[in-house]
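Please look through the sequence and the model below before reading on. The briefing goes through a few local features, one topic at a time.

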Amino acid sequence: MLVLSCTKPENPSVDTQDKQEEQKPEPEKPEQEDTPPVVDPRAPVLTLNKITPTRACIRLDYSFEKVTEFNQSVNVCFSTEPEPTIEDSKFNLPPRSANKGDMMGVVPNLVLDYGKTYYFRLYITQKGVTYYSNQMHASLQDEYLPIHLDWTPMNISGLHQDIKAYTTTSSLSGRKFQAWYAVADLSKGNLKIKANHPSNAQTVQSQAADFGSDCQILINCGYFYYEGTQAMNIGTSVMGGVANGSIYSFAGSLSDSEPEESRTQYKVTRGVFGADAAGVPAVKWMGCISYGKYLFYDQPLLSIKGETKLNGPSETNPTVPSDWVPHEMVTAGPVLLKNGKIPFDFTRTEKGSTYFLSNYEMITNDVFTNTTGDDWRCDRSAVGITADGKVIFFACEGRTPSLSCGANLDEVARILKDLGCVEALNFDGGGSTKLHIAGKNFSNNNRAVMTTVGVFKK
């Protein structure tokens with residue numbers, strides 16, 4: 001009988017132990033829809049509206065809503081990587097004046113590097129939760145370049161061997177120019193910085209004559225005004241560790257043409273130059289937190305004319321203060337160089353020709369402005385400190401087109417930078433400008449001034 005099989009014959013070359021049962025595919029799981037995050041309708045809403053770079057700072061225009069916690073401000077965090085958080089760099093913005101509104105603040109070049117792109121986000125922390133705004137990015141505009149001039153050594157009889165003096169008649173930005181500087185090496189221990197604050201205004205020559213030959217360099221420095229016949233110093237001086245004067249606030253304008261700003265007072269820090277008890281020179285920003293109590297900072301309070309007024313200097317505002325204690329010191333401003341950077345430019349806000357974005361020290365417009373005429377600038381006085389600790393005292397003639405057309409503040413900063421300065425401070429210029437070097441006097445001015453500073457033999 002023939003028997004038929006209904007199974008397929010097995011391949012004799014395959015071992016039955018190696019056979020695998022065919023796996024049935026598992027049914028596909030339906031895709032789950034993304035669940036949108038739960039948004040607290042009461043959460044703050046922060047909006048970075050616009051970001052504008054300049055040489056001196058990054059400007060932030062922003063707004064916010066639903067910021068309810070008392071005395072809590074909107075601030076900014078930033079990083080060279082996207083999506084910065086409070087674990088990255090942070091900077092304080094102006095205190096909020098309302099629960100909703102358009103505001104403006106800046107992040108200065110002192111905390112940023114040139115040539116890098118930074119990402120910025122606003123943030124606020126309420127009830128232990130940190131909220132962030134949208135993100136924007138920007139880079140500082142190219143920094144000011146140094147200005148090189150040809151300097152000629154001056155042979156001055158009686159000048160100490162640790163001091164060198166130079167002059168120039170090189171043109172500056174196509175204008176006639178005449179300037180002088182003396183550079184003192186304090187590291188050899190033979191010289192010292194000394195400030196002078198007489199009881200009333202005296203010329204630089206007169207003050208130098210009172211000191212005799214020990215006075216090797218003397219220059220006018222602080223701003224002042226008169227009450228009757230008595231000259232009043234604007235700011236503070238320190239002589240032998242004893243302070244005189246104070247800095248609290250300044251009006252936005254001294255002009256009757258700006259009545260509102262002339263009545264508006266801004267808290268400020270002002271630039272100072274001096275040396276500690278060990279003779280080490282420094283340029284800082286100084287703020288007074290109470291009568292007779294001064295703090296010194298490596299960043300300024302970022303007061304901006306026409307914008308939200310800032311809280312006054314404190315142990316945390318604008319930053320943690322320096323531990324520098326001056327033994328000799330004078331006040332002036334603005335700071336021209338700090339850590340090799342020029343911390344200002346002449347960018348104006350939308351509010352007018354006298355409203356500068358980085359005139360943080362509220363220096364009057366006639367001093368701070370980038371020009372005083374089509375072809376002439378102010379006489380200037382300044383001091384700078386080089387990377388190796390030498391001190392440079394600088395003066396230039398100005399406002400005399402046939403002789404010297406003077407300099408803008410940025411030009412003075414750039415000249416000092418070319419001479420190797422990493423820190424510098426502007427002094428009262430114009431008719432107050434006078435540089436005394438070992439019995440010789442430079443500039444055509446001879447105005448009586450309230451404070452001077454210079455280098456003396458020990």
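The notes below cover a helix, the cysteines, one serine and a hairpin. The model is predicted.

**Helix 1**

- Helix 1 spans residues 204-211, and its buried residues are Val204, Gln207 and Ala208.
- Seen down the axis of helix 1, these buried residues fall within an arc of 100°, so they line one face of the helix.
- The general rule behind this pattern is that an α-helix has 3.6 residues a turn, so residues three or four places apart point the same way.
- Ala209 and Asp210 lie on the other side of helix 1, where they are exposed.
- The buried residues of helix 1 are covered by parts of the structure that include strand 11 (191-196) and strand 12 (215-220).
- Strand 27 (435-437) and strand 29 (452-457) also belong to this cover.
- After helix 1 comes Gly212, which has a positive phi, near 75°.

**Cysteines**

- How many disulfides does a search of the whole structure find? The search finds 0 disulfides.
- Cys215 has a relative accessible area of 2% and is buried, because buried means under 20%.
- Cys421 also counts as buried, at 3% relative accessibility.

**Ser443**

- Where is Ser443 placed? Ser443 is in the loop between strand 28 (440-442) and strand 29.
- Is Ser443 buried or exposed? At 9% relative accessibility, Ser443 counts as buried, because the cut-off for buried is under 20%.
- The side chain of Ser443 reaches the backbone oxygen of Thr433 at a distance of 2.7 Å.
- A polar atom of the Ser443 side chain also lies 3.4 Å from the backbone nitrogen of Asn445.
- Leaving aside residues up to four places away in sequence, Ser443 touches Trp180, Glu397, Thr433 and Lys434.

- In which sense do strand 13 (residues 224-227) and strand 14 (residues 230-233) pair? They pair in the antiparallel sense, over 4 bridges.
- Phe224 stands opposite Asn233, which is in strand 14.
- The hairpin has 2 residues between strand 13 and strand 14.
- Gly228 in this hairpin takes a positive phi near 70°.

Technical notes:
Residues are numbered from 1 along each chain as its sequence is written. This is a predicted model: local features need pLDDT of at least 70, side-chain atom pairs count only at pLDDT 80 or more; totals for chains, interfaces and linings use all residues. Side-chain values use heavy atoms; hydrogens and water are left out. Buried means under 20% relative accessible area, exposed over 50%, partly exposed in between (1.4 Å probe, protein chains only). The arc is that of the directions from the helix axis to the C-beta atoms. Contact means heavy atoms within 4.5 Å. A disulfide is a pair of cysteine sulfur atoms within 2.5 Å. A polar contact is a pair of N or O atoms within 3.5 Å; within protein, one must be able to donate a hydrogen and the other to accept it, and residues adjacent in sequence count only if both atoms are side-chain atoms. Two strands pair if DSSP finds at least two bridges between them.
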